[in-house]
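This report describes a protein model in plain terms. Please look at the structure below before reading on.

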Amino acid sequence: ALKSSLRQSSTRSNGEGFEIQAPAKPYQVSVSFRFIVLTLLSSALLSFTVGRAVRVLLLEGPRGALLWPHLKSSMRNRPDYHLGAGKSRKDLPLPQMMDGKEVPHTVYTSKNFDTAASATSSSVLVENTRSVADSKPEAKEESTCASEGGSCSRGKEPVEDDDDDDDDDEEEHLPAGQHLLVDMKDVDGTFLNSEELLAQAMVDVVADSRLTLLSYHCHTLVPTGVSCVGVLLESHISFHTWPTEGVITLDLFTCGAAPLLPVLPVIERLFAIPRPPLFEGEEVRKPGMLWSHKLRGFRAEMEHGDTDALSSSDLGEDVLGDNTYDLKEEVASVQTPFQRIDIYNLIDSRKLTAADYERSLSNDGSYQSQHPELFAPNKVVFLDGVKQSTLNGDAGYHESLVHPGMFAHDHPKRVAIIGGGEGATLREVLKHDTVEKCTMVEIDELMVMTSHKYLKEWSDCSDIVGSAEWCVDDPRADVRYEDAVAWFIDRFGDGVAEAEKKFHEDDYVPFDVIIMDALDPQVNIPFAEVLYKQPAFLQSIYDSLTEDGIIVMQLGDAPSIHDPSDQVGRNENRAIITEHLLRMGFESVHVYEEKHSDFGDPWSYLVAMKDFTARTNWYLNVAEIEVAIKDRIKHTYSGKSALRFFDGATMMTYQTPHKAFETIYCRNKPVPQGCDEISKGFSKSRPNAPVSSFEVKASQVGDQAGRGIFAKVDIPKGAYIGVEQSMNSIKVTPTTYDIISSHVEEYVEAAGFDAVVEFLWGYGFESNLYGEISYVVDSTILTFVNHGCNGTYNAADAGSTGTEMTADEFDAEYFWHDPYNLVVARHLPYSQSSGDVALRGIKAGEEILNNYLDFTSSEKHWKADVLDLRNQCLGKGVGSITDYESGKPRTEAWRKDEGEKQD
């Protein structure tokens, strides 16, 4: 009993008028133990009753209403779904939580439907019973799903820094992820039909990938096969097997920005189980694996350097996202201070098979084993996810980049390369025996070293006589690991005074050829803007070239006829760089493309020449190019040609730009000159007066004019004059004319050559469209057309103007030419021999007269030709043919003048 003491007080008087309090008298109250127990039990019962009622009213009632349609459906729950059809749940592995992670607060909902195809059905939930980290020392590594900010979407390790809470919360809800799809074949059928082994492999994959498996559900199917799906905190993992065929297809989806690709070796190790041999000595095929990696969801656009290479179209979509590769093997992934380098070995099943590759590694005497180089994987290099080069396209790309420009120069001794970290551009330059020094300016030294380690074929000079095993070690190679923009501006920029030169004097010696093997113009990053848009850098490039110097650059993927003008859109840098080159003073600019660079689309290139006459080498014929290759390209120790791709016939394809170049060129604003249909070729709407419409008679121009051409019928204004045979003209190329004229100059007794030169001078007209002077002579009777003095000509080029009397013999502007006109470049034969048109209506019997001023294209001949025509029209002289036929060949005077010049 409990006792409680109370004091009862009383008062009395002390006789002096004061009251005195008497001591309190204590008393006790007793409560029974039974009363206390019953009170506590009653309170507990009341609390339970109230709580239960609240639960039923607020939780189970709504939940029951939600599930009522399913519970009453014709499909029934399997009563044994959690037991695995008679099997104990302990036969299946349990998902585990790792250190630093807690079992998240989740609501688990499961529904199992009855199906005769499923032999067993098992569901397993996560239990926080042990730490995976205890058995895996590496467990503290960053989670595969960890984002760059240190957390993954939908719950991760606690973030200690409260200052980052806002950023983490924002990243936590990014609607994005990564999806890994894996297909395997030739896998052990027993393994593929074991729910326990497959479940264990799935749990191990999740654990090794540091993901969080909340639960998984598996079905063993009838007659064979297993399907499993695992619910991850990060998303899911699932697979299905075909044991008889030895096939399993698996997909893994996670959130976060960290790469999912490192999980691939784990998946291969745990699921690609080879079948045991059926008999001793049987060669069991290694399981094959096809896979693809895709970025899913929606991501905010990031600046270059922050975005992952996996999001690029080249590496991310065309390679990682494509599962048609029989082999897709990462060789290296290196992050340098400037860029990310990814190198992959690929076997595209559309071009090659893994079986052919495997056979090429054998010694069975097959064609594959005798030519293993033809069946090797294609090694592909990516920089920040953008394809840069491939083993199969190495020769096609680098030889078409280097050699057209190099052979356009007569004798390149000093060459510079901007970029070219793989070393292949340097390799091609060093094949020219004229090269005395090649300076390669590459900012990324680690790129060069990575290429040397993993891309040995690109920089292998071991077969070139006199070179080195590694091209960088060639004594002619001078590799500078510097910023090329600063390097050129510091040495050749405006304002670099003689007294301010601080580098070695050799650094200031100009180059014969500069090759820019840097970023594609279409790449939208700041450094590309500097390369293609900074006038100071481009001017320093121009100033660093010799007077006959040449610059070569790649311009990215070639245009198509469906593209807009380069002035707008993704090819804006290509238009800007071309405009800069023309403004700086390059006299001849050429574009061409090559479709064997293994970039998917044809690749485009540009060559710009400071000296217009370099066009002569650009337009050499096949035989002349082959001779140049033989004379200049170094020999090899193996005896094979040092050039695997480039030859004379290939160069011929570069001389004429593709139709697409002309198409987008003519879409420029304002529309360039020559883009009308007449300039591009013969107009069907324009009538033609055939050669049969004319006859040869004595000229009426003068007594000594000789033969002339007269119309037999009326010819309307604007009609072509003998256009049907104009393309059959006799054409003497610059190199041919150079040989003929040199013989006339050196050999007095070579009278036959004198006659040829007199024929060209008298009946032909000069052309500089191919660089140096060439001649075209009409092969019909129209070659006898005479000059019309004082502007009396009635048939000439449609744009012909001026007369011998009004022409200024010192007017060099008459010979102005457009250094970059893609219409002319595509139609050179037409431009040179397109024939004349009637400038007015010509009556039958009227003599056809031309304007001989159009026959001169050489500045050094202009003055003499103007004065010669003027004298003839004044009756003070005669034409060269009349002089030759009267025994006064002009070659003698010319030979004498040339001899005096040499003296």
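## A strand and its partners

Strand β18 and strand β20 (residues 603–609) run antiparallel and are joined by seven bridges. Strands are DSSP runs of E with at least two residues, helices are runs of H or I with at least four residues, and both are numbered from the N terminus. Two strands count as paired if DSSP finds at least two bridges between them. Met 553 has Leu 606 in β20 as its bridge partner. Strand β17 (residues 511–517) also pairs with β18, here in a parallel manner and through five bridges. Phe 511 is found opposite Leu 545 in β18.

How many of the 13 residues of strand β18 are buried? Eleven are, so strand β18 (residues 545–557) is largely enclosed by the rest of the structure. Buried means under 20% relative accessible area, exposed means over 50%, and partly exposed lies in between (1.4 Å probe, protein chains only).

## The model as a whole

The model is predicted; local features need pLDDT of at least 70 and side-chain atom pairs count only at pLDDT 80 or more, whereas totals for chains, interfaces and linings use all residues. Residues are numbered from 1 along each chain as its sequence is written, and side-chain values use heavy atoms, with hydrogens and water left out.

The protein contains 28 helices and 31 strands. It has 903 residues, of which 46% count as buried. Its accessible surface is about 46,400 Å², and carbon and sulfur atoms contribute 53% of this; such areas come from the Shrake-Rupley method with a 1.4 Å probe, and for residues only the protein chains shown count as cover. Among contacts (heavy atoms within 4.5 Å) with a separation of 6 or more, 71% are between residues 24 or more positions apart.

## A three-stranded sheet

An open sheet of three strands has the order β25-β27-β26, with antiparallel pairing. The edges are formed by β25 (730–732) and β26 (765–767); each has a single partner strand, so one side of each is left without a neighbour in the sheet. On average, neighbouring strands of this sheet are turned by 25° against each other, direction ignored. The angles are taken between axes, which are lines fitted to C-alpha atoms (for helices over the stretch in contact), and run from 0 to 180 degrees between N-to-C directions.

Strand β27 (residues 774–777) is joined to β26 by three bridges. Glu 766 is placed opposite Tyr 775 in β27.

## Salt bridges

A salt bridge is a side-chain nitrogen of Lys or Arg within 4 Å of a carboxyl oxygen of Asp or Glu. By this rule there are 28 salt bridges. One of them joins Arg 427 and Asp 394, with the closest N and O atoms 2.9 Å apart. Arg 427 lies in helix α11 (residues 424–429) and Asp 394 in helix α10 (residues 394–408), so the pair ties together parts that are 33 residues apart in sequence. Both Arg 427 and Asp 394 are buried.

Glu 428 forms a salt bridge with Lys 431, and their closest N and O atoms are 2.9 Å apart. Glu 428 is buried at 0% relative accessible area, and Lys 431 is buried at 5%. A network of salt bridges links Arg 414, Lys 437, Asp 478, Arg 480, Arg 491, Asp 506 and Asp 507.
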